[in-house]
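Work through the exercises below with the sequence and model in view. Each task is followed by its solution.

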Amino acid sequence: RHWCLLINTHSVFKNFYLTQVIAQGDVDLGIINNDAATYPSLTSRTFVEAHNGVVVRTRLPTSMFDYEDVCASFKIYGGVAIKAKIGAGIDTSEEASFELN
């Protein structure tokens with residue numbers, strides 16, 4: 001399974017920082033921190049130039065997460081901070097958080 005974050009903009013990114021956590025019950029697994037994979041063997045973060053966006057793919061360890069309980073769910077949360085150049089001498093910063101249950 002994978003989760004995808006796509007940012008589509010005509011701005012030129014100067015800095016892009018992504019943080020992402022997947023949680024279930026008492027388990028919080030930080031998979032992306034400061035735009036780098038915390039566990040590269042489980043997670044990849046790829047910039048897709050054709051879409052001007054980022055794709056994050058993560059495998060969740062069966063030793064940490066419950067797949068058996070039909071009521072089990074995951075929460076994915078984190079944040080994105082972008083610094084972009086949008087015109088001649090015009091810089092902007094945007095921050096957003098996200099949470100999926």
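Buried means under 20% relative accessible area, exposed over 50%, and partly exposed in between (1.4 Å probe, protein chains only). This is a predicted model: local features need pLDDT of at least 70, side-chain atom pairs count only at pLDDT 80 or more, and totals for chains, interfaces and linings use all residues. Residues are numbered from 1 along each chain as its sequence is written, and side-chain values use heavy atoms, with hydrogens and water left out.

**Exercise 1.** Classify Phe 65: buried or exposed?

Solution. Take its relative accessible area, 4%. Phe 65 is therefore buried.

**Exercise 2.** Describe the aromatic pairs.

Solution. Rings of Phe, Tyr and Trp (its six-membered ring) pair if their centres lie within 6.5 Å; planes under 30 degrees apart count as stacked, over 60 as edge-to-face and the rest as tilted. The structure holds two such pairs. Step one: Phe 65 and Phe 74 have ring centres 5.6 Å apart and planes at 55°, so this pair is tilted. Step two: for Tyr 67 and Phe 74 the centres are 5.9 Å apart and the planes at 55°, so this pair is tilted. Step three: Phe 65, Tyr 67 and Phe 74 form one aromatic cluster. Phe 74 is partly exposed at 27%, and Tyr 67 is partly exposed at 44%.

**Exercise 3.** Find the salt bridge (a side-chain nitrogen of Lys or Arg within 4 Å of a carboxyl oxygen of Asp or Glu).

Solution. A search of the whole structure gives one. Asp 35 pairs with Arg 45, their closest N and O atoms 2.7 Å apart.
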